[in-house]
Amino acid sequence: MGRHLLIYDVEWWILGKHAKLIQQYHPSLDLMSVGELGRYLERHSSVDLNQAYDRIGAMCLGIAAYCIFKHFRIDASAAVSYYYFSQNYETFREWNRDELIPYPEFLRLVIPRIGIFRAMNL
């Protein structure tokens, strides 16, 4: 098996904790926070990281979008909620009764670049 990388938000939050849990079952999995990714970009290019790993995953669609716009390949992502699919994603929350209006640019620019989607909850 080649090298795998999983990118999460911060270590002390839910996605970081889930990433550590996943790593227990995949000991050769490398973890990197978004902050560490930013520091990586100060010294290396996205091409370097893309070539270093056979699989790169993101813990949520927001992280996947960030990585894609920084030219990182994202092979898989968790779809933690439908928050990022909405047109008004900066204010939309699952508990609102607002109608979910898909954000076409996100669907066009991000979703086709992710090979596999998974969910951590229903």
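Contact here means heavy atoms within 4.5 Å. This is a predicted model, in which local features need pLDDT of at least 70 and side-chain atom pairs count only at pLDDT 80 or more, while totals for chains, interfaces and linings use all residues. Residues are numbered from 1 along each chain as its sequence is written, and side-chain values use heavy atoms, leaving out hydrogens and water.

**View 1. I74 and its surroundings.** Setting aside neighbours within four places in sequence, I74 is in contact with I56, A58, A64, C67, I68, R113, I114 and G115.

**View 2. The largest nonpolar core.** A nonpolar core is a set of buried Ala, Val, Leu, Ile, Met, Phe, Trp, Tyr and Cys residues joined through side-chain atoms within 4.5 Å; buried means under 20% relative accessible area (1.4 Å probe, protein chains only). The largest such core has 29 residues, and L49, I63 and I74 have the most contacts inside it. Helix α4 gives the largest share, six residues.

**View 3. Strands β3 and β4.** Helices (H or I, at least four residues) and strands (E, at least two) are DSSP runs, numbered from the N terminus, and two strands pair if DSSP finds at least two bridges between them. Strand β3 (residues 55–58) and strand β4 (residues 76–78) pair in parallel over two bridges. Here A76 of β4 is the bridge partner of G57.

**View 4. S77 up close.** S77 sits in strand β4 and is buried, with a relative accessible area of 3%. A polar atom of the S77 side chain lies 3.3 Å from the backbone oxygen of C60. Beyond residues up to four places away in sequence, S77 touches several others, including A58, L61 and F117.

Definitions and conventions: Buried < 20%, exposed > 50% of the residue type's maximum accessible area, 1.4 Å probe, protein only. Polar contact = N/O pair within 3.5 Å; in protein donor to acceptor, adjacent residues only side chain to side chain.
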